Amino acid sequence: VQNRMDDRQNLYKNMNRWQSAWSGKIWDKTKMQALALEGKRQVTTPVPTNTVNLAMRLIDVKPKIKVPTTGEGAEKDKSAEKVERWLNTVWENVGVEQVADPIAGATWQSFTLGRHVLQFLWIEDQLPGNMGDNRLPFTVRTLDPRNAGTYHNGIYTEYGWHKYDEKMMSVSARYGLSRKKAWKNRDPEEEVCVIDYYWMEDDGVWNAVIVDDEFVKKPTKTNYLQIPIVEGYGDYAHLSTEEEKSMSLIAPMLESWLYDCDLKSQMATGILYYFWPFLMATNDQGHPIEDIRIRPGMIKAFPAGTRIDSVIGSPNSQLVQNMSSMMEQYIQQSTFPEVLHGKAPGDVQAGYGIDILAQSARGRINSFRENLERTIATCNAIILGMVTWPQVGSEGIQVYGWSSQVQSSQYYKLTEKEVEGKYRTVVNLKVNLGANDLQRQTLCLRLVE
């Protein structure tokens, strides 16, 4: 695990830069420190945040899942439809039962960090009281791709890990360490390193948990059919190094945006000195007068013969604006046109200009969307595999959700018999992108005439 994470150090650095840009934390000093120490006004535009938010609005986080049929008759088709309804309802329930929707979390990770990671956990034996009767026996959660990942050997996922720091109190409760002599005297507030590791053997998936280099869960065979940690890419490229394989939506615009923030900071600093210029006051003998603080509405008396000079710079503001416009153009070319952010279309109203821009935006997020669909399809295989677990038995797994056929909420149950050992699904994430149909309608009317 450590070797794999060492190979990804440059990737993690990039992720930190992309997240800092998304949160607007790009300066070494605070605004007050920069103003007090350097006399500089810092300006940070919300372009990365707005770009990621727009991209997330374009992708519907409710997947539409289709299960291929065998074509062997109406009975098989009904079975496939039942699996479809059950899987779609499962994802609705997962989003409700979690603090946040895991697909929405994975979407944000893809656009901001360039990768996303989902993990499956069987939680039936961890739910208190009768809670297990009212929710799914498993859950899906989003993991930070800087703490988790997988290794694909070119044929299948060979292993996956989740490495994180957590307080001893939580780790002890989860793995029953308070009953073990070597652990019961540890400080409950102490931070310990936990590695949750899954790997594939010939007989199935195995799992072990290590805390501070000691096994708290010895290697144990699980019932998972695949590694229950699923890693997906953002904007993928077939390159060898980890930091180049997958990019975030922020990556191509980052340098242009940072320079644009510098330019706007220079303009803001120039405005600051224009309204509050540097003043020099000397008496009739040419000696400086120290206390020369002037405020609006303030009356201050100076000795006779006092001379007050102001120093006002004359920066080429037009040149700065031209450079800033160039950077904004590069940013739009790397992400989305301003029309999609709500700006008036202006000259692009002619012809199918808006439709062309919409299709360009659809193409920009296409790689992210397809990789998310692949991840969800892999997750569906893991979910359907859980239905076949021995502890589930012939009763299957039941979920509660909305039925469009009867226009009411009802329970859906899926059993191993209905899964039939088939785990392939087709996933579609809808793109919420409107179109300007005015030109098409006009054309149709002319054709009718």
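**View 1. Helices H6 and H12 cross in a right-handed manner.** Right-handed means that the near helix is turned clockwise from the far one by less than a right angle. This is a predicted model, in which local features need pLDDT of at least 70 and side-chain atom pairs count only at pLDDT 80 or more, while totals for chains, interfaces and linings use all residues. Residues are numbered from 1 along each chain as its sequence is written, and side-chain values use heavy atoms, without hydrogens and water. H6 covers residues 102-113 and H12 residues 366-387; their axes come within 11 Å and cross at roughly 140 degrees.

**View 2. Residues of H6 meet residues of H12.** H6 contributes Ile103, Ala106, Thr107, Ser110 and Phe111, and H12 contributes Phe368, Leu372 and Ile376. Contact means heavy atoms within 4.5 Å. Of these residues, 6 are nonpolar, 2 are polar and none is charged.

**View 3. Tyrosine 159 and tryptophan 161 form a tilted ring pair.** The ring centres lie 6.3 Å apart and the planes stand at 40 degrees, so the pair counts as tilted. Rings pair if their centres lie within 6.5 Å; planes under 30 degrees apart are stacked, over 60 edge-to-face, and the rest tilted. Both residues are buried (under 20% relative accessible area, 1.4 Å probe, protein chains only).

**View 4. Ring pairs join aromatic residues into a cluster.** The cluster links Tyr151, Tyr159, Trp161, Tyr197, Trp199 and Trp206. A search of the whole structure finds 13 aromatic pairs.

Terms used
Axes are lines fitted to C-alpha atoms, for helices over the stretch in contact, and angles run from 0 to 180 degrees between N-to-C directions. Helices (H or I, at least four residues) and strands (E, at least two) are DSSP runs, numbered from the N terminus. Ala, Val, Leu, Ile, Met, Phe, Trp, Tyr, Cys and Pro count as nonpolar, Asp, Glu, Lys and Arg as charged, and the others, Gly among them, as polar. Rings of Phe, Tyr and Trp (its six-membered ring) pair if their centres lie within 6.5 Å; planes under 30 degrees apart count as stacked, over 60 as edge-to-face and the rest as tilted. Buried means under 20% relative accessible area, exposed over 50%, partly exposed in between (1.4 Å probe, protein chains only).
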